[in-house]
Amino acid sequence: MNARSVKLYSRLSHRLRTLASGALAIALMAGLAACSYGSSHSGNTAGSLSRTKLYSSVDAIAADSDAVIVGKVNSTTVARDVDDTTDFTLSSVTVLDSLKGTEQPNGTVTVRQTGSASQSTPETLLQADDVVLLFLSESGLPGEQAKHYYITGATAGLYAADSKSGDINEAALSNASFSRVNTDSGDTLPATLTVDDVA
């Protein structure tokens, strides 16, 4: 090989390595985004998010959750607070019962979901007045967003009461039944849960 060939080979090798690292970085970011974002209870249920871990028991999903609550959705807003293109639906949820974690009843948590009513999402979005049983994971985001939660296992960690909030008060929570919102997520979790099943 002459000096010119060596130089061309070196330049080509460098370009190929750069392209390969870029492709790997894009693939990793796409995989992380699919795994880390939460799920919910009133929107598009078609299709499931690709995830690296599926849950086969309530104990397993509870162990992976930082908090487990029964809550009432007060309101939802849409924000683009991670980048300029991705909508996140932020739901303000009043804690009616805390089954795990430090959240006290009557406190409020913010639950993040990827997408919005106007931006396609495989998640079923929470809506005002929903009463839900949520398995929650800390967001891992910086600043104020560190206080936010994602739903554990995306579509896995969301159960919804059949009744809206007007029909469920604190005394009735122990008898309330919560149904899985997305039954085709690949998890083998119970179709319905009560507070006693989790506590």
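Biologist: Leaving aside its neighbours within four places in sequence, which residues is Val70 in contact with?
Modeller: Contact means heavy atoms within 4.5 Å. By that rule, Val70 is in contact with Thr94, Val95, Leu96, Asp97, Leu99, Val131, Val132, Leu133, Leu173, Phe178 and Val195. Keep in mind that this is a predicted model: local features need pLDDT of at least 70, side-chain atom pairs count only at pLDDT 80 or more, and totals for chains, interfaces and linings use all residues. Residues are numbered from 1 along each chain as its sequence is written, and side-chain values use heavy atoms, with hydrogens and water left out.

Biologist: What makes a group of residues a nonpolar core?
Modeller: Two tests. The members must be buried Ala, Val, Leu, Ile, Met, Phe, Trp, Tyr or Cys, and they must be joined through side-chain atoms within 4.5 Å. Buried means under 20% relative accessible area; exposed means over 50%, and partly exposed is in between (1.4 Å probe, protein chains only). The largest such core here has 19 residues. Val70, Leu133, Phe135, Tyr159, Phe178, Leu193 and Val198 have the most contacts inside it.

Biologist: Which elements give two or more residues to this core?
Modeller: They are helix H2 (58–63), strand S1 (67–79), strand S4 (131–138), strand S6 (158–161) and helix H3 (195–198). Helices (H or I, at least four residues) and strands (E, at least two) are DSSP runs, numbered from the N terminus. A second, separate core has 15 residues, including Val73, Val109, Leu134 and Tyr149.

Biologist: How many helices and strands does the protein come to?
Modeller: Three helices and eight strands. Along the sequence they follow the pattern α-α-β-β-β-β-β-β-β-β-α.

Biologist: How do you know that S4 and S6 pair, and in what sense?
Modeller: Two strands pair if DSSP finds at least two bridges between them. S4 and S6 have three, so they pair, in the antiparallel sense. Leu133 stands opposite Tyr159 in S6. S6 and S7 also have three bridges and run antiparallel. There, Ala161 stands opposite Phe178 in S7.

Biologist: Which residues point one way from S6, and which the other way?
Modeller: Leu158 and Ala160 point one way, and Tyr159 and Ala161 the other way. All of them are buried. In a regular strand the side chains alternate between the two faces of the sheet.

Biologist: Why does Thr94 count as buried?
Modeller: Its relative accessibility is 17%. The cut-off is under 20%, so Thr94 counts as buried. Thr94 lies in strand S2 (residues 88–100).

Biologist: What makes the link between the side chains of Thr94 and Asn74 a polar contact?
Modeller: A polar contact is a pair of N or O atoms within 3.5 Å; within protein, one must be able to donate a hydrogen and the other to accept it, and residues adjacent in sequence count only if both atoms are side-chain atoms. Thr94 and Asn74 are joined at 2.7 Å, so the distance is within the limit.

Biologist: Where is Ser185 found, and which side chains do polar contacts join to it?
Modeller: Ser185 is in the loop between strand S7 (178–180) and strand S8 (192–193). Another, of 2.6 Å, joins it to that of Asp187. At 7% relative accessibility, Ser185 counts as buried.

Biologist: Why is Asp129 called partly exposed, and why is Ala154 called buried?
Modeller: Asp129 has 36% relative accessibility, which falls between 20% and 50%, so it counts as partly exposed. Ala154 has a relative accessible area of 0%, so it is buried.

Biologist: What pLDDT does the protein average?
Modeller: pLDDT is the predictor's confidence in each residue, from 0 to 100. The protein averages 77, and 70% of the residues score at least 70. Over residues 11–49 the pLDDT is below 50. Where pLDDT is low, the predicted coordinates should not be read in detail.
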